[in-house]
Amino acid sequence: MTIVVAHRGASARAPENTLPAFALGVAHGADAIELDLHVSADGELVVIHDDTLDRTTDMTGAVTSLALADIRRADAGAMFPGADGSFPFRDRGLRVPTFAEVLDSLPDGVGLVVEIKARAAVAPAVEALRSHPVRAAGRASLISFDERAIDESRALDPDLPTGYLLVPGEPLEPALRYAVEHGHAAVHPWEGDLGMDPADAIARARAYGRELGCYVVNEPGRMQLLAAYGLWGFVTDVPDVARAALSQMRA
Ligand code: G3P
Ligand code: CA
């Protein structure tokens with residue numbers, strides 16, 4: 001069955017990569033949550049997409065130049081817009097989470113897709129996952145656009161599944177060959193590259209014995225089509241929409 005992964009949490013409904021967005025993703029029926037990892041100046045794993053605080057918080061500056069204590073002063077809900085032009089999560093105490101906080105709050109039975117944005121995050125992320133129940137349950141994976149990051153993860157923990165993210169337009173076949181040669185369980189192209197008829201891409205991935213995911217699918221008809229063809233899973237900003245769309249298929 002196709003799995004639904006909440007992209008940066010339920011990021012259309014709450015500020016991306018925050019604890020409320022992850023909790024909402026779970027409440028909306030996501031099978032797993034996806035998050036992005038960077039490393040602070042003092043070596044702490046922080047959950048944020050960009051390499052600066054600028055877009056998503058009320059502060060500026062590169063994550064690598066700020067200590068965790070400084071990053072934690074930022075309002076991670078400041079920039080999320082409401083439908084009426086207000087900022088409903090501003091000044092509500094949302095912080096850029098640490099990876100440890102997300103791991104501590106992850107409910108049993110929910111999967112975790114960890115995207116490495118900064119290569120320096122690989123070793124501490126692998127160590128943090130090593131003793132966590134989500135890894136023992138086979139529900140954790142580590143993914144990246146950076147081949148060296150996922151190769152390093154494989155070297156550190158061959159039992160932690162890894163996935164290769166393709167940039168838009170990147171051909172699938174070489175990526176599948178690379179994944180096989182380096183032991184990566186999955187490849188994740190941009191969903192637009194699967195085309196109107198994803199059957200060929202899904203068949204190729206099967207032939208190589210790799211899982212095929214994709215990013216980011218927010219349109220219910222497209223979700224249903226991909227699921228009907230047997231895609232392994234997709235990330236979405238709207239897991240509530242995804243859960244409803246996939247349920248309708250079984251009704
Ligand atoms: O799941 C993959 C997807 O998250 C990659 O894109 O830019 O949202 O991290 P991005
Ligand atoms: Ca991501």
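Leaving aside neighbours within four places in sequence, Ile-202 is in contact with Leu-212, Tyr-229, Gly-230 and Leu-231, where contact means that C-beta atoms, placed from the backbone, lie within 7 Å. Ile-202 belongs to helix H8; helices here are DSSP runs of H or I with at least four residues, strands are runs of E with at least two, and both are numbered from the N terminus. The residue is partly exposed, because 17 other C-beta atoms lie within 10 Å; on this scale 20 or more such atoms make a residue buried, 12 or fewer exposed, and counts in between partly exposed, again with C-beta atoms placed from the backbone. Its C-alpha atom is separated by 9.3 Å from that of Gly-213, 11 residues apart along the chain.

A word on the basis. This is a predicted model, in which local features need pLDDT of at least 70 and side-chain atom pairs count only at pLDDT 80 or more, while totals for chains, interfaces and linings use all residues. Residues are numbered from 1 along each chain as its sequence is written, with chains lettered from A and ligands numbered from 1 in the order in which they are written.

I turn to helix H7. Within H7, residues 172-182, the buried positions are Ala-175, Leu-176 and Ala-179. Seen down the axis, these buried residues fall within an arc of 100°, so they line one face of the helix; the arc is taken over directions from the helix axis to the C-beta atoms. Their cover includes strand S6 (162-165), strand S7 (186-188) and helix H8 (199-207). On the face turned away from the buried side, H7 carries the exposed residues Glu-173, Pro-174, Arg-177 and Glu-181.

Terms used
Two residues are in contact if their C-beta atoms, placed from the backbone, lie within 7 Å.
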